[in-house]
Amino acid sequence: MDTKIGSLDTCASPTCTEVGSLPSNGAVSTIQCSAVAFNSAEATLGRHLARRLVQIGVSDVFSVPGDFNLTLLDHLIAEPGLNLIGCCNELNAGYAADGYARARGVGACVVTFTVGGLSVINAIAGACSENLPVICIVGGPNSNDYGTNRILHHTIGLPDFSQELRCFQTVTCYQAVVNNLEDAHELIDTAISTALKESKPVYISIGCNLPAIPHPTFSREPVPFALSPKLTNKMGLEAAVEATVEFLNKAVKPVLVGGPKLRVAKACNAFVELADACGYALAVMPSAKGLVPEHHPRFIGTYWGAVSTAFCAEIVESADAYLFAGPIFNDYSSVGYSLLLKKEKAIIVQPDRVIIGNGPAFGCVLMKDFLTALAKRLNRNTTAYENYHRIYVPEGHPLKSEPKEALRVNVLFQHIQKMLSGETAVIAETGDSWFNCQKLKLPQGCGYEFQMQYGSIGWSVGATLGYAQAVPEKRVIACIGDGSFQVTVQDVSTMLRCGQKTIIFLINNCGYTIEVEIHDGPYNVIKNWNYTALVDAIHNGEGNCWTTKVRCEEELIEAIETATRAKQDSLCFIEVIVHKDDTSKELLEWGSRVSAANGRPPNPQ
């Protein structure tokens, strides 16, 4: 059965049953009247690209203008279903497309040749690491300049125009260089459909003289994509399920652990259905937070080795069998390779592969199909959850603050917890916010995003812009450290231009705290800024913005009250002043273990 892509009605946000996936009807619906012919003046590359973006569910494109992409931007602006959002720099435009893709299932950005492309590429690399379909469009050189031995501006001074393309080849799953109209239709459609099929970024370079030229291949409304879904090998599926059932049904206290690749496998619902059916205790890896409902009756928290949420690691690591669905075991998620897991006890389910302990592996088996089939075969076993329930002790509360006592980070997050609902979403920046936000308990429907695999500081500002634009019905709460904020602060300006109502908690502890706990040095101390004054300057009286600075719990309570009531329709910026050594205990533990992993001496030769 084919999955159709395309929709005219993109102004309303699509409803997703999988976190960060395309809508559950197969992805973005269909255009019924695909035979509509345009008059010849409208049959242009620029219009075709704009219509394609609208069809797949993109209603906002993040851009930075440059002389090579200006004509293309004219055509994107002319598309009624498309909103062009100008960003302050290309890096943030890419981060915004990343955040948008997490909420809508696909995102797009437009930059100019080389100077724009090499600026946005860091964000595209991050999207690649997180399996996000981001369409990166670059305005390229005039088609007449290819092969002429001319030297162009915005290059490194060589007549070879392929430098940008070669850079993107390692961080995108498809690259299209459109420098003539004859194959432009095919190249653009192949690139966009590949991004959707592979759930990875793609690169499209379009000659600056081509977007406005009519061509017969663009003379009709784009026909909706019909993407053939990947298929499971049924014999492999049956064998994988049989072997897994034999493995798990003889276990005494098995557990389930969800990983970040649940998103790309579009298997979040199937994973929860498996948990419902088998009765196992249910945990998530840190980078999968938000992909599995935390109100599930047998949810036991985040499994992150030595820095897991309370009592979770004890249950997972003492299990005699564990099924990991879509895990990524890197140095960060494994806390410096210190997880107490045994391969012979593990079933690893990747998006298209199942590996059982030290035994067999089964390829061409899709995770979604495997989990669904497995749910029908496993015996119900609630032993691990019962063990958790017996040993669990409710978390304590932070020490009560003295009147006007300096604000502590644990008190801050106690109050952020109270702000969460199904109408909010949390964006956690790289740093101590990783650990503090990981301990938040997400109500049903509350969104959650952070970038763990790539871990690029500053990501959250652009990602917050994109995520908030994609789901305007949610109020985004962004937790950002001062060091990260200094990297990408400019696009708070774009949030204001878009009328967003995000609440930003700027945690000011005068440095790169996460780096301090890995390896301290004077380079981790940054220049302190007057952040509220900076945001006030960016605001400059245009748009709705409210800022405040808090130093104690009383001021924090008052600020949250204002942000959630009187200023609920404004962008609210709350600068939180905390001690430079005030960190979560999890960061202290994690930092020492990652430091030890980084500091391993070379193996003997």
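Tutor: Buried means under 20% relative accessible area, exposed over 50%, and partly exposed in between, with a 1.4 Å probe and protein chains only. The model is predicted, so local features need pLDDT of at least 70 and side-chain atom pairs count only at pLDDT 80 or more, while totals for chains, interfaces and linings use all residues. Residues are numbered from 1 along each chain as its sequence is written, and side-chain values use heavy atoms, leaving out hydrogens and water.

C87 counts as buried because its relative accessibility is 10%. The closest cysteine sulfur to that of C87 belongs to C88, 7.2 Å away, which is too far for a bond; a disulfide needs two cysteine sulfur atoms within 2.5 Å. C173 is in no disulfide either, with the nearest cysteine sulfur, in C128, 7.8 Å away. At 30% relative accessibility, C173 counts as partly exposed. The structure as a whole holds zero disulfides.

Now the helices, which are DSSP runs of H or I with at least four residues, numbered from the N terminus. Helix α8 (residues 268–278) packs with helix α10 (residues 367–375) at an angle of about 15°, and their axes are 9 Å apart. That angle makes α8 roughly parallel to α10, a term for angles under 35 degrees. On the α8 side, the contact (heavy atoms within 4.5 Å) is made by A270, F271, E273, L274 and A277, and on the α10 side by K368, L371, T372, L374 and A375. These residues divide into seven nonpolar, one polar and two charged, where Ala, Val, Leu, Ile, Met, Phe, Trp, Tyr, Cys and Pro count as nonpolar, Asp, Glu, Lys and Arg as charged, and the others, Gly among them, as polar.

Technical notes: Axes are lines fitted to C-alpha atoms, for helices over the stretch in contact, and angles run from 0 to 180 degrees between N-to-C directions. Helices (H or I, at least four residues) and strands (E, at least two) are DSSP runs, numbered from the N terminus. Angles under 35 degrees count as roughly parallel, over 145 as roughly antiparallel, 65 to 115 as roughly perpendicular and the rest as oblique.
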